[in-house]
Amino acid sequence: MSPNNQASGSNNIALGPGKEFDLVRTLLAEWGKAAERIGDDAAILEVPPGEKLVVSTDTSVEGVHFNREWLNHFEIGYRATAASLSDLAAMAARPLGLVIALTLPEADRHEARTIATGIGEGASAVMCPIVGGDLSSGKVLSLTITALGSAARPLSRAGAKPGQRVYVTGRLGGPAAALRAWRAGGLPSDRDRARFANPVPRIDPAIGLAARGATSAIDISDGLIADVGHIAAASKVRVEVDLDRIPLFDAASAIDAASSGEEYEVVVTAPEIDVAQFSQEFGLDLTEIGRVVAGPPRVELLKDGKPITARPGFDHFRDK
């Protein structure tokens, strides 16, 4: 490929010579039509009339968010992309574009195309174009992904109201089981590993929940109890979660599911939702797990109607 030309039919801007730009051309060749208008100093996006721009940035760092003994390079790229897009789902926003900042150690340069394939698969799964980014060498493999989306009425964490119900998509506990197996020196089941390595951003289901009257939402990255706690704090309400109602993935325990991070399912508060109709439309479980009540901002985990204590979830500055 000539330094001044992109692949035939590409709408990206021609890049100049240099090893860095040769690597960028490798990424663009892998992304194909999923990459749009890359090559300028900044991306230009059009926001649909009447909608607001929604922006989120998420970082995935080797040794903090993943170990290469757990994931291959495709999965590292895919998972980082899905995690970033999940933040748009939490806001009930439709994706407009991704900006990728990739720090690539020398030892991983031969895997650049594989990482790009994972990123592209994650973006294409929700019809999101890749519109820009940055590339750097470094000692630790990391991906910082900015997801841009739009919504006429974005959800936030601050909209929960006393009297509403609490719902969660999917089933919880698979990622925690995978991590527990790895940290014990073993191997997780294929299903638990897949839940950790290949999460699915709940874009369409979250937009569907907003249309059904959801007033607050968050995606589960640090654990159900920890993340619902953010809704409680932002909305200045108490949230009660019934342990026995938490939907479990395979053989996960309810306590593990309550604190399992890396789930990327969505929790919402809303008036009553027809869960059967929702599940039929989206092919995804929706479970009522609790309620919003007046009181000091906190989460109360209940078993048989009585409060119990559980580990709240992951904290980057507490957990190692």
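The legends below describe close-up views of a predicted model.

Figure 1. The average pLDDT of the chain is 90, and 91% of the residues score at least 70. Over residues 314-318 the pLDDT is below 50, and this stretch has 7 contacts in the model beyond near neighbours in sequence. Residues 1-9 also stay under 50 in pLDDT; the model gives them 19 contacts beyond four places in sequence. Where pLDDT is low, the predicted coordinates should not be read in detail.

Figure 2. Strand β4 covers residues 142-151 and includes T146. With a relative accessible area of 19%, T146 counts as buried, because the cut-off for buried is under 20%. The T146 side chain makes a polar contact with the side chain of T57, at 3.0 Å. Residues up to four places away in sequence aside, T146 touches V55, S56 and T57, together with S84, G97, L98 and V99.

**Figure 3. A nonpolar surface patch that includes L53.** The patch is formed by V47, L53 and V55. Together these residues have about 240 Å² of accessible area. L53 belongs to strand β1, which spans residues 52-61. The relative accessible area of L53 is 48%, so L53 is classed as partly exposed. V55, another member of the patch, is also among the residues that T146 touches.

Figure 4. E30 is part of helix α1, residues 19-31. Its relative accessibility is 27%, which makes E30 partly exposed. Apart from neighbours within four places in sequence, E30 is in contact with R113, A116 and T117. The C-alpha atoms of E30 and R113 are 6.5 Å apart, although 83 residues separate the two in sequence.

**Figure 5. The salt bridge between R68 and E62.** Side chains of opposite charge can pair when their charged atoms come close. Here the side chains of R68 and E62 meet, with an N to O distance of 2.7 Å. Both partners are partly exposed: R68 has a relative accessible area of 34%, and E62 has a relative accessibility of 22%. A search of the whole structure finds 23 salt bridges.

Figure 6. R191 forms a salt bridge with D250, in which the closest N and O atoms are 2.8 Å apart. This pair links distant parts of the chain, with R191 in helix α5 (residues 190-197) and D250 in the loop between β7 and α8, 59 residues apart. R191 is partly exposed at 47% relative accessibility, and D250 is partly exposed at 44%. In a second salt bridge, the side chains of R195 and E265 meet at 3.8 Å, N to O. R195 lies in helix α5 and E265 in the loop between α8 and β8, so this pair ties together parts 70 residues apart in sequence. R195 is buried, at 12% relative accessibility, and E265 is buried, with a relative accessible area of 2%.

**Figure 7. A network of salt bridges.** The arginines R165, R238, R245, R291 and R298 take part in this network.

**Figure 8. Packing of helix α6.** The helix runs over residues 203-211, and its buried residues are I203, P205, A206, G208, L209 and A210. After α6 comes G213, which has a positive phi near 105 degrees.

**Figure 9. S260 in the loop between α8 and β8.** The loop between α8 and β8 contains S260, and E265 lies in that loop too. S260 is buried, with a relative accessible area of 2%. The side chain of S260 reaches the backbone nitrogen of A176 at 3.3 Å. Not counting residues up to four places away in sequence, S260 touches G173, P175 and A176, and also I220, G223 and L224. Between the C-alpha atoms of S260 and D222 the separation is 7.2 Å, while the two residues are 38 apart along the chain.

Methods:
Residues are numbered from 1 along each chain as its sequence is written. This is a predicted model: local features need pLDDT of at least 70, side-chain atom pairs count only at pLDDT 80 or more; totals for chains, interfaces and linings use all residues. Side-chain values use heavy atoms; hydrogens and water are left out. Helices (H or I, at least four residues) and strands (E, at least two) are DSSP runs, numbered from the N terminus. Buried means under 20% relative accessible area, exposed over 50%, partly exposed in between (1.4 Å probe, protein chains only). A polar contact is a pair of N or O atoms within 3.5 Å; within protein, one must be able to donate a hydrogen and the other to accept it, and residues adjacent in sequence count only if both atoms are side-chain atoms. Contact means heavy atoms within 4.5 Å. Patches are made of residues with over 30% relative accessible area and no salt bridge: like charges are joined within 9 Å, nonpolar side chains (Val, Leu, Ile, Met, Phe, Trp, Tyr) within 5 Å. Accessible areas come from the Shrake-Rupley method with a 1.4 Å probe; for residues, only the protein chains shown count as cover. A salt bridge is a side-chain nitrogen of Lys or Arg within 4 Å of a carboxyl oxygen of Asp or Glu. pLDDT is the predictor's confidence in each residue, from 0 to 100.
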